[in-house]
Amino acid sequence: MQHLVGSWPFLELDLRVDGRALVPRPETEDLVRYARERLDLESAGPVADIGTGGGCIALALAHSHPKLKILATDADVRALELARENARRSKFEDQIVFEEADLLPDGAPADLEMIVANLPYVSEEEWAELSPEVRVHDPRQALVASGGGLDLIRRLVALAPGALAPGGWLLLEMSAPQLPVLRAEISPAPWQSIE
């Protein structure tokens, strides 16, 4: 339905959607709400949205924090085109730098207050069971990851400490059964807590 309509609401925004990126889901709205609660309204440092797709996370954060500077990356050039279109449409293009990159780009800031990511986390087995509306219309590369759906998330968890400022946050969307698996793999240091 979203592809037929051509746009879809995401929190306060109305975003263009098409086959270039995953249609935003309510779970990602929850992720943005969680991020908003943790950003300091007065002194928010730079933030990165990794795997931005159509730009929904970066744009929703820009909407709630007008002074926030955001780096939004994606490995898919077509998804970045859609994200830029949504930024122009929403009038937040001055707050967001879009960059083609596999996770964090070379030369990314090392003082990020927060990294937010809705990376592909569907396993190959889960992909086969998804509804046709998802399998046929949403880009597979935006949903599926190897290693039980956790490979990209594992890579970002390893990279994030080098990019975050002290006390910075790494916020990830994943399925509930994946959390204990990832938690068992992560050593407490350098993380202060894992929720």
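Predicted model: local features only at pLDDT ≥ 70, side-chain atom pairs only at ≥ 80, totals over all residues.
Once neighbours within four places in sequence are set aside, Arg78 is in contact with Gly19 and Arg20. A separate distance relates Arg78 to Gly54: the two residues are 24 apart along the chain, and their C-alpha atoms are separated by 9.2 Å.

## Packing of helices H7 and H8

Two packed helices are described by the angle between their axes and the distance between the axes. For helix H7 (residues 151–159) and helix H8 (residues 178–185), the angle is about 40 degrees and the axes lie 12 Å apart. That angle makes H7 oblique to H8, because angles under 35 degrees would count as roughly parallel and those from 65 to 115 as roughly perpendicular.

The crossing of H7 and H8 is right-handed. On the H7 side, the contact is made by Ile153, Arg154 and Val157; H8 contributes Val181, Leu182 and Glu185.

## Aromatic rings and the charge of Arg38

The charged end of Arg38 sits over two rings. For Tyr34, the distance from the charged end to the ring centre is 3.4 Å. For Trp169, the corresponding distance is 5.3 Å.

A pair of aromatic rings is described by the distance of the centres and the angle of the planes. How many aromatic pairs does the structure hold? The count is zero.

How values were computed
Residues numbered from 1 in each chain as written. Heavy atoms only, no water. Phe/Tyr/Trp six-rings, centres within 6.5 Å; stacked < 30°, edge-to-face > 60°. Lys NZ or Arg CZ within 6 Å of the ring centre and 35° of its normal. Contact = heavy atoms within 4.5 Å. Axes fitted to C-alpha atoms, helices over the stretch in contact; angles between N-to-C directions. Helix = DSSP H or I, 4+ residues; strand = E, 2+ residues; numbered from the N terminus. Parallel < 35°, antiparallel > 145°, perpendicular 65-115°, else oblique. Left-handed = near helix turned anticlockwise from the far one by under 90°.
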